[in-house]
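Please keep the sequence and the structure in view while reading.

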Amino acid sequence: MSAFSDALEVTSSGLRAQAMRLRHLSENISNADTPGYRRKTVPFETAFGSRDAVATVATGRVQLDQTTLDRIHDPSHPLADASGHYEGSNVSLLIELADAREAQRSYEANLKIFEQTRKMSSGLMELLRR
Amino acid sequence: MDIKGLSAIQKYAAARPATAVEDSPAQAMRAAATDFATTLAQTEQTAQTAMISDADPHALVTALAQTELAVETAVSVRNKMVEAYQEILRMPG
């Protein structure tokens, strides 16, 4: 039974990590037009232990993407400098949406495994019912 | 006693140590029951937190699934033990 409990624990850590990833993606998308906003990226880290230890995944420290911010030309904007440009954000909606789709896929895969583990353990208990 | 019967007895004697538990059966049962109680207590705690505040839904679902597993195991064991007890009661004489 501990193998099934371990599998459930790891799967839920994967679900949590993907949900956190989605949260940061939604922050990026919402703030795509905010001047001076740098997009957030979050690395995934695995809990390295002995080879038999359960390798749960966790999100690491949130990092800000350091690529240069967009310079948008709009002389009427309150933040515009002498040349009429102001700094926007470095969020590319295409990248964020693609990442969101990937997160969705990973989440679904983890859900599938969760369901599978439960089915397998129920099947095992079913043997005793007869 | 014929030769086949003899070898069956030898095999049975050889297999008996494999089924022995490390502690006495009562202690093994107690350990299993404690483990089961701990799982249920933890799940109850998580469920209460989830109902009151915005707790982590993944932790809640995992705790509930673990409990479901533990309860199913305990119920199966209980059923088998009751069945064995009833079989013995049914012995004539």
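Start in chain A, where α1(A) passes α2(A) in a left-handed crossing. A crossing is called left-handed if the near helix is turned anticlockwise from the far one by less than a right angle, and right-handed if clockwise. Helices here are DSSP runs of H or I with at least four residues, strands are runs of E with at least two, and both are numbered from the N terminus. The model is predicted: local features need pLDDT of at least 70 and side-chain atom pairs count only at pLDDT 80 or more, while totals for chains, interfaces and linings use all residues. Residues are numbered from 1 along each chain as its sequence is written, and chains are lettered from A and ligands numbered from 1 in the order in which they are written.

Helix α2(A) covers residues 93–126, and its axis lies 9 Å from that of α1(A), at an angle of about 160°. Axes are lines fitted to C-alpha atoms, for helices over the stretch in contact, and angles run from 0 to 180 degrees between N-to-C directions. The two helices are therefore roughly antiparallel; that word applies to angles over 145 degrees, with under 35 counted as roughly parallel, 65 to 115 as roughly perpendicular and the rest as oblique. Residues of α1(A) in this contact include Phe4(A), Leu8(A) and Leu15(A), and those of α2(A) include Ala103(A), Phe114(A) and Thr117(A). Two residues are in contact if their C-beta atoms, placed from the backbone, lie within 7 Å. The contact residues divide into 13 nonpolar, 8 polar and 3 charged. In this count Ala, Val, Leu, Ile, Met, Phe, Trp, Tyr, Cys and Pro are nonpolar, Asp, Glu, Lys and Arg are charged, and the others, Gly among them, are polar.

Now turn to chain B, which has 3 helices and 0 strands. Of its 93 residues, 9% are buried, a term for residues with 20 or more other C-beta atoms within 10 Å of their own; 12 or fewer count as exposed and values in between as partly exposed, with C-beta atoms placed from the backbone.

How does chain B meet chain A? The contact takes 12 residues from chain B and 13 residues from chain A. On the chain B side these are 4 nonpolar, 5 polar and 3 charged. The axes of α1(A) (residues 2–30) and α3(B) (residues 57–89) come within 9 Å and cross at roughly 165°, which makes the pair roughly antiparallel. This crossing is right-handed. By contrast, α2(A) and α3(B) cross at roughly 10°, with axes that come within 10 Å, and are therefore roughly parallel.

Which residues make up the largest nonpolar core? They are Leu8(A), Phe114(A), Ala65(B), Leu69(B) and Ala70(B), where a core is a set of buried Ala, Val, Leu, Ile, Met, Phe, Trp, Tyr and Cys residues joined through C-beta atoms within 7 Å. The largest share, 3 residues, comes from α3(B). Beyond its neighbours within four places in sequence, Leu8(A) contacts Phe114(A), Thr117(A), Thr62(B), Ala65(B) and Gln66(B).

Elsewhere in chain A, Gly60(A) sits in the loop between β3 (57–59) and β4 (63–64). Gly60(A) is exposed, with 11 other C-beta atoms within 10 Å.
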